[in-house]
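Dear colleague,

Please find the structure below, handed over for your own work.

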Amino acid sequence: MIRPDLSLPLPTSIEAAHFIGIGGSGMSGLARMFLARGIRVSGSDRSDSQALRDLAAAGADVHVGHDAAHLGDADTVIHTGAIWPENPEFVTAKERGLSVIHRSQALHWLIGSRRLVSVAGAHGKTTSTGMLVTALQELGADPNFVNGGVIAQLGISSGTGADELFVIEADESDGTFLLYDTSIALITNVDPDHLDHWGSREAFFDGFARFADAAREAVVISADDAGAREVSARLTHPNVLTFGLDPAADVRITDVTTDGPAAFTVSRDGRSARVQLAVPGAHNAVNAAGAVAVLTTLGYDLADAARAVEAFSGTVRRFELHGTQRGVRVYDDYAHHPTEVAAALSAARTVLGDGRLIAVHQPHTYSRTQLMSAEFARVLEELADETVVLDVYGAREDPVPGVTGALVSEAFGDPERVRFVADWQDAADYTASIAREGDFVVTLGCGDVYRIIPQILASLGASAPAGSR
């Protein structure tokens, strides 16, 4: 992993930018925005994808695989923290003395002096950012935006708008959210994670407090989340607005119903409005409350803000239906932390009916699996009827001896409700063998677990319905 050096000066101008890892949702979005600015864009990724093909169609020079020759005449090289220091394009760019910057610095360069809404939090920030963007568009605004995931109804993760307002998902994992000149900071929750970067729980909370206190206009922060309340207690900011279910919240939600897409009443300053979302889950009601709080802080009327968030239809890889086979619906969700897994499975329960919930869990990174395997097991055993555990998606980390997906399955209290299956085809076949009509299968993880879905659907189509267990 390459840690971003945020002290590096930004280039004064960029004429040709090369992206290492251009196929990721965040990087491909940035690349599109650079193209929209009239900047020549090239890039590479380790495998082909629809994102690469779309960028090529938009005019980018894209390559599969990494090679120094791909740099061409680029004057600026943009990278993620997930690449290896030995990457030939990264090494050659350094040797040539090119401007080599982290993706967060490239985003900072794009934002410039625009009025910025930064959405941060351990969970929910991609959904909250998507809610804000679609609501602003519903209200007639035309914001610039960069999200960590594709917004379903827009089909993109980023866009260049005519307004001065810029909305971004700000990343706390490596501290880069401290880089931006934020006007309004939205904090969805503060659940200690990424301690490999921060070093300690205390440093993690302090980072969020610094991010919030640096906001030029306002801080919008959860009143429900214990970590967010701890951060709130550290703030010296003069304009803090809280949101959530807590009776003391400035923007409060009540009368939440989750028998299908979530609905609730939102109130601020003695005024109320009823909201009917298009997405399920009590956690999405809370996410929407945060979006409404930001919209009213931007000056929109409460009733208009409440109506506008209803337009949001979800983000890709957030409880996304991929197909139905033999009466079994197969969904995918990006959840990769116990709190996120709990939210995803709880949301699935609200629309499941009489069926069962089968989780296909891909642990993400060796460090998180080693640290949180028991927490994952507890959540999966509590909220899923059956669980299939795949092996660890290492991402930027080297394998750790003894750390596999089996750590999660072995932590279950009832071994009959879980199975660790390292081979994907075997896992797909086993999932199909236990599924019956009316069940939901949900793949969980922020790695490449979604790639198993075609195998699961094919195995479901080829197998006979499971009997009662």
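The structure, which is a predicted model, holds 15 salt bridges.

One of these salt bridges joins arginine 53 to aspartate 48, with 2.9 Å between the closest N and O atoms. Arginine 53 counts as partly exposed, at 42% relative accessibility, and aspartate 48 is likewise partly exposed, at 41%.

Arginine 216 and aspartate 181 also meet through their side chains in a salt bridge, at 3.0 Å from N to O. This pair links distant parts of the chain, 35 residues apart: arginine 216 belongs to the loop between α7 and β11, and aspartate 181 to the loop between β9 and β10.

A further salt bridge, between arginine 271 and aspartate 301, has its closest N and O atoms 2.6 Å apart. Here strand β15, which holds arginine 271, is linked to the loop between α9 and α10, where aspartate 301 lies, 30 residues apart.

Serine 128, in helix α5, counts as buried because its relative accessibility is 1%, below the 20% limit. Beyond its neighbours within four places in sequence, serine 128 is in contact with Val119, Leu186, Thr188 and Asn287.

With kind regards

Key. Residues are numbered from 1 along each chain as its sequence is written. This is a predicted model: local features need pLDDT of at least 70, side-chain atom pairs count only at pLDDT 80 or more; totals for chains, interfaces and linings use all residues. Side-chain values use heavy atoms; hydrogens and water are left out. Helices (H or I, at least four residues) and strands (E, at least two) are DSSP runs, numbered from the N terminus. Buried means under 20% relative accessible area, exposed over 50%, partly exposed in between (1.4 Å probe, protein chains only). Contact means heavy atoms within 4.5 Å. A salt bridge is a side-chain nitrogen of Lys or Arg within 4 Å of a carboxyl oxygen of Asp or Glu.
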